[in-house]
Amino acid sequence: MTIFICTNASPRIRGELTRFLYEIDAGVYVGKINAEVRNLLFDKIEQLSIDLSDFRLIMIYSYKNENGFEYKYLNYKNYKLENIDGLILPIYISQNSKN
């Protein structure tokens, strides 16, 4: 199972996602695709989103680990997802932070 959640997507990106996945709500795409198609789709969306400053994407997919899933994301500037002892937690990144 693969889930893409995106915000401020262009019609071109939405079209690419709907070629392989079902749009069950605005910006939420779900489907069962193999790992090669999933990674190629993520790479293509990454290329298409270079000029979109407000575009954000998170991809969650089934994976054989303790959590049962893995994730990748694009353009999340205010926080990142961190795996801490097998627990995935969102870490807020302050705008005033020097790191």
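Predicted model: local features only at pLDDT ≥ 70, side-chain atom pairs only at ≥ 80, totals over all residues.

Reader: OK, and which residues is Ile88 in contact with, leaving aside its neighbours within four places in sequence?

Author: Ile88 is in contact with Asn67, Phe69, Tyr71, Leu81, Glu82 and Asn83.

Reader: How far apart are Ile88 and Glu70 in space?

Author: From C-alpha to C-alpha, Ile88 and Glu70 are 9.6 Å apart, while in sequence they are 18 residues apart.

Reader: Let's switch to the helices. What should the span of α2 be, going by 1.5 Å a residue?

Author: Helix α2 covers residues 35-48, which is 14 residues, so it should span 20 Å. Its end C-alpha atoms are 20 Å apart, which agrees.

Reader: What covers the buried residues of α2?

Author: The cover includes strands β1 (2-7), β4 (56-62) and β5 (69-74), along with helix α1 (11-20).

Reader: What caps the N-terminal end of α2?

Author: That's Asn34: one of its side-chain oxygens lies 3.2 Å from the backbone nitrogen of Glu36.

Reader: Now α1. Which residues are buried there?

Author: In α1, the buried residues are Ile13, Glu16 and Leu17. Their arc around the axis is only 95 degrees, which puts them on the same side of α1. The face turned away from that buried side carries Pro11, Arg12 and Arg19, which are exposed.

Reader: What covers the buried residues of α1?

Author: Strands β1 and β3 (28-31) are included in the cover, and so is α2.

Reader: Wait, Glu16 is on that buried list. Why does Glu16 count as buried?

Author: Its relative accessible area is 8%, and buried means under 20%, so Glu16 counts as buried.

Reader: What does the side chain of Glu16 make a polar contact with?

Author: With the side chain of Lys44, at 3.5 Å. Leaving aside neighbours within four places in sequence, Glu16 is in contact with Leu41, Lys44 and Leu48.

Reader: Changing topic: how many aromatic pairs are there?

Author: The count comes to two aromatic pairs. One of them is Tyr61 with Tyr63, and that pair is edge-to-face, with 6.3 Å centre to centre and 85 degrees between the planes. Tyr71 and Tyr73 also have ring centres 6.3 Å apart, but their planes are at 15 degrees, so that pair is stacked.

Reader: Last one: what lies over the face of Tyr61?

Author: Arg38 does, at 3.7 Å from the ring centre. There's also Lys72, whose charged end sits over the ring of Phe42, 5.2 Å from its centre. Arg38 and Phe42 are both among the buried residues of α2.

Technical notes: Residues numbered from 1 in each chain as written. Heavy atoms only, no water. Helix = DSSP H or I, 4+ residues; strand = E, 2+ residues; numbered from the N terminus. Expected span 1.5 Å × (residues − 1). Buried < 20%, exposed > 50% of the residue type's maximum accessible area, 1.4 Å probe, protein only. Contact = heavy atoms within 4.5 Å. Polar contact = N/O pair within 3.5 Å; in protein donor to acceptor, adjacent residues only side chain to side chain. Phe/Tyr/Trp six-rings, centres within 6.5 Å; stacked < 30°, edge-to-face > 60°. Lys NZ or Arg CZ within 6 Å of the ring centre and 35° of its normal. Arc of directions from axis to C-beta.
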